[in-house]
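I would like to walk through one model with you, and please keep the display open while I talk.

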Amino acid sequence: MRRSRFPFIVTLAVLFFFYLPIIILIANSFNASRFESGWQGFSLMWYKRLFHEPEIWRAAKNSLFIAAGATAVSLVIGTTAAVALHRFARSRLQRFHFGLVYTPLVVPEILMGISLLMLFVAAAVELGLFTIFLAHVTFCISFVAMTVLGRLQDFDESVIEAARDLGAGWWATTRRVLLPMLLPGLVAGGLLAFTLSIDDFVITFFVAGPGSTTLPIRVYSMIKFGSPPLINALSTILLVVTFAAVAASQKLSRTRR
Amino acid sequence: MKRESRRSIREVLVSLPSLFWLSLFFIIPTLFVFAIALKPANPYGGIGSGWTWDNFRSLASPNYLIVAWRTLWISVLSAAVCIILATPIGYYLARVSARWRGFFLMLIIVPFWTNFLIRIFAWKVLLHPEGAIKKALALSGLISPQASLLYNAGAVVLVTVYTFLPFTILPIYAAAEKFDFQLLEAARDLGARRLQAFTKVFLPGIRRGLITAVLFVFIPALGSYVIPDIVGGPSGEMIGNKIAQRVFVDRNLPQASALSVVLILSVLAPLLTVLVLQRKKEKPEALL
């Protein structure tokens, strides 16, 4: 039976659609022209200009700071949630617990942003880096919990029973058996939380006070009011950094296996 | 008996951190949105005292109704385009050899490592009156030189499809990978034409993947805010923009809450429909 070539053609066309804007953006970052109206020669001027923008570096520092904190806290809370969901799977409490952990994943970001804003306004909490941190922990918990839960469901329960039979207590079993086996799941969940936190714009925008700028908020105000070539250069740098990070993490996970 | 109670104490202890955090920062804030939607606004951008339905009454103005209708059709159209494009891709990925499959999956995921805002910005540049696409289309005579590709609902649909297409390809591919392709050959042997076999055998076979894929575009599209904000202009505004305007422009938090209540209910409707339908048909299982 001859297979249709149609699916292959659609796949190629969609890949072209995926890469076109990004390739043009990278090319434009090296374009000497101020406006995107044609090629005026290769130049690194936008990159040089970028280094003289202290706002961007302050925003990047805030982003890293929040992402590190949110990752640490959500990793602890998300992992305990996953352990509870796995260990006591069928209880009524865990059915409610699962719903509570799962729902933030399907709710549009703007709803989480506005509801947290209402909470902070009603409780008269001053908006700033701290409220951004609280918001980021909240959405990261669900992603960490689901990642770690997936890992827990894959593994062999009998190892834990064996440890118990051999006289290991609850703490020893957790520290010596459970945590090492969970490590790849924890690394994956942590990386996910970190990238989600670094990348988040919508929720952050709602709970950020004046002056508490993260990198995506800075990028947004540059898109709205700033100079396009600078964003091209910044985007290209961010792209290179993400590619390097993902490539490194994949290499790490491959050698561990 | 003693063991049982110790077990349940341990269960509560391990569940407590996430139950506490998500109750405080997810359930309670959502309840606040419902409560504040029923409060009057005060002139200083705060929340007045007493209770009122006014915030919901003012949603009936033509201004909001137009935006609600636009939000709905943009989301439906984006989901439809995503499914039409993702289904052949999922089919192709499931049938191609393992090596090529890994390569193509990688190619599909890589562009989405870039920041969400930057991808939208890249489209703003492309669609710009001075941008490449506009110039090419105008030169080839397909559009008039005065036509604008940017700042309309069409641009919002285009960028929404761009943003969510990978999230529809992956569940469709996952379902297609489990599909038994011999069924297609059997259908052809029994005299079905190619398209018939595809629509009558393949599509029902990957139904679950299709449903998940639709939800992955439709729900976030309903709550879209950044995409219409950057490429939509006034004629591409959605509910999300109205919520943001009430918060950031005229600081009317009760009105923003009332809009959010509408959005929460319209997100819950398709989710609950799918859950109820699936519970009837097969044993319940997580959607993801």
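This is a predicted model: local features need pLDDT of at least 70, side-chain atom pairs count only at pLDDT 80 or more; totals for chains, interfaces and linings use all residues.

Residues are numbered from 1 along each chain as its sequence is written, and chains are lettered from A and ligands numbered from 1 in the order in which they are written.

Let me start with confidence, where pLDDT is the predictor's confidence in each residue, from 0 to 100. Chain A has an average pLDDT of 87, with 95% of its residues scoring at least 70.

Now the architecture, with helices (H or I, at least four residues) and strands (E, at least two) taken as DSSP runs numbered from the N terminus. Chain A has 11 helices and zero strands, and its radius of gyration of 23 Å is well over the 18 Å that the globule rule gives for 257 residues, so chain A is more spread out than a compact globule. That radius is taken over C-alpha atoms, and the rule is 2.2 Å times the number of residues to the power 0.38. Along the principal axes, the C-alpha trace of chain A spans about 75 × 70 × 35 Å, and the C-alpha atoms of chain B fill a box of roughly 80 × 70 × 35 Å.

The domain assignment, whose bounds come from an automatic or database source, gives chain A a domain 1 (11–43 + 227–257) and a domain 2 (53–208). The C-alpha centres of these two domains of chain A lie 30 Å apart.

How many residues does each chain bring to the contact between them? There are 63 residues from chain B and 65 residues from chain A, two residues being in contact if their C-beta atoms, placed from the backbone, lie within 7 Å. On the side of chain B that touches chain A, helix H1 (residues 2–36) of chain B gives the most, with 16 residues. By class, that side of chain B has 46 nonpolar, 11 polar and six charged residues, where Ala, Val, Leu, Ile, Met, Phe, Trp, Tyr, Cys and Pro count as nonpolar, Asp, Glu, Lys and Arg as charged, and the others, Gly among them, as polar.

For one example, take Val10(A), which sits in helix H1 (residues 6–29) of chain A and touches Leu85(B), Pro88(B) and Ile89(B), not counting residues up to four places away in sequence. Val10(A) counts as partly exposed because it has 18 C-beta neighbours inside 10 Å; a residue is buried with 20 or more other C-beta atoms within 10 Å of its own, exposed with 12 or fewer, and partly exposed in between, the C-beta atoms being placed from the backbone.

Finally, the core, meaning a set of buried Ala, Val, Leu, Ile, Met, Phe, Trp, Tyr and Cys residues joined through C-beta atoms within 7 Å. Of the 133 residues in the largest nonpolar core, Ile114(A) and Val231(B) touch the most other members. Helix H7 (residues 153–178) of chain B gives the most to this core, with 15 residues.
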